[in-house]
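Student: I want to learn how to read a fold from its coordinates. Please walk me through one case.

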Amino acid sequence: MFHALRVSDNEARDGASAARVGIGGPVGSGKTALIEALIPVLQRRNIDFAVVTNDLVTKEDAERLRRSGLIDPARVSAVEAGACPHTVIREDPTLNIAAGDELEARFPGLELILFESGGDNLASTFSLDLVDWWIFVIDVAGGDDIPRKRGPGLLRCDLLVVNKVDLAPHVGVDLDRMLADARQVRGTKPVIPTNLKSGVGVEAVVDAISAAVLFRV
Ligand SMILES: Nc1nc2c(ncn2[C@@H]2O[C@H](COP(=O)(O)OP(=O)(O)OP(=O)(O)O)[C@@H](O)[C@H]2O)c(=O)[nH]1
């Protein structure tokens, strides 16, 4: 259903039917925490999904998700980047494309694959040969000047998640200003504040994914 509308016409994607969504962002911003929070909501909405994680030289994020009890461990695949994380989500996403294809072969009917990048910097972006749509996660503890630095990740992503909003008062961040700056530099593209400890904003993120790539509202 979604294939006909894909931005990319990469041969490696031919025959694929699951929508592919990237989740990138700086180290520790909450990418794995976001996936952990998304899982129960996706399950409640009967969305058939799987996850591909990327780590530098380990499978730590995949193991964390497999151990979480939130998801069938077989639905979590790990890619070891062995280099800067953006290499395998942008320059040469072959390993990730193969991991997605392998999940689709094992789980016919898969609707959605989430690709978690390893923690990177503000210049990190996803290749549209790999994903249809992507999320960039920053957090307030990284400083309220991050949006004003206009990193490519923050500017180009389809959805910007500003996480750890609960920490704003503790790290001297003016959250309203940070969100206003983020919205200003992104123009009409969406920004969603989240607190993944309490679940604030998670339903809105699933709504955005559903509307953008699953065509569910
Ligand atoms: N207070 C607070 N802590 C959070 C929130 N989201 C994540 N954390 C914490 O932030 C830390 C990093 O979260 P992760 O989900 O591991 O971050 P990550 O982006 O996957 O990290 P890397 O994969 O190492 O880049 C953990 O200790 C989380 O518990 C939040 O909304 N509020």
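This is a predicted model: local features need pLDDT of at least 70, side-chain atom pairs count only at pLDDT 80 or more; totals for chains, interfaces and linings use all residues.

Student: Which residues of helix 2 are buried?

Tutor: Two terms come before the case. A residue is buried if 20 or more other C-beta atoms lie within 10 Å of its own, exposed if 12 or fewer, and partly exposed in between, with C-beta atoms placed from the backbone. Helices (H or I, at least four residues) and strands (E, at least two) are DSSP runs, numbered from the N terminus. In helix 2, residues 60-67, the buried ones are Asp61, Ala62 and Leu65. Seen down the helix axis, they fall within an arc of 100°, so they line one face of helix 2. That arc is taken over the directions from the helix axis to the C-beta atoms.

Student: What covers the buried residues of helix 2?

Tutor: The cover includes helix 1 (31-44), strand 2 (49-55), strand 3 (76-80) and strand 4 (112-116). Just after helix 2, glycine 69 has a positive phi of about 80°.

Student: How many residues of strand 1 are buried?

Tutor: In strand 1 (residues 19-24), 6 of the 6 residues are buried, so this strand is largely enclosed by the rest of the structure. Ala19, Val21 and Ile23 point one way, while Arg20, Gly22 and Gly24 point the other way.

Student: Which strands pair with strand 1?

Tutor: Pairing requires at least two bridges found by DSSP between two strands. Strand 1 runs parallel to strand 4, joined by 5 bridges. Here valine 21 has leucine 114 as its bridge partner. Strand 1 also runs parallel to strand 5 (residues 133-139), with 4 bridges. There isoleucine 23 is partnered by isoleucine 135.

Student: How many residues form the largest nonpolar core?

Tutor: In soluble globular proteins, nonpolar side chains tend to be buried together. A nonpolar core is a set of buried Ala, Val, Leu, Ile, Met, Phe, Trp, Tyr and Cys residues joined through C-beta atoms within 7 Å. The largest one has 57 residues, and those with the most contacts inside it include Val21, Ile113 and Leu114. Helix 7 (residues 202-214) gives the largest share of this core, 6 residues.

Student: Which residues surround the ligand?

Tutor: A residue counts if its C-beta atom, placed from the backbone, lies within 6 Å of the molecule. The shell has 18 residues, and the closest are Gly30, Lys31, Thr32, Ala33 and Gly119. Helix 1 supplies the largest share, 3 residues.

Student: Is histidine 86 buried or exposed?

Tutor: Histidine 86 counts as buried, with 22 C-beta neighbours inside 10 Å. Its place is in helix 3 (residues 85-91). Contact means C-beta atoms, placed from the backbone, within 7 Å. Leaving out residues up to four places away in sequence, histidine 86 touches Asp120 and Ser124.

Student: Where does valine 41 lie, and what does it touch?

Tutor: Valine 41 lies in helix 1. With 17 C-beta neighbours inside 10 Å, valine 41 counts as partly exposed. Beyond residues up to four places away in sequence, valine 41 touches Val202, Glu203 and Val206.

Key
Residues are numbered from 1 along each chain as its sequence is written. Two residues are in contact if their C-beta atoms, placed from the backbone, lie within 7 Å.
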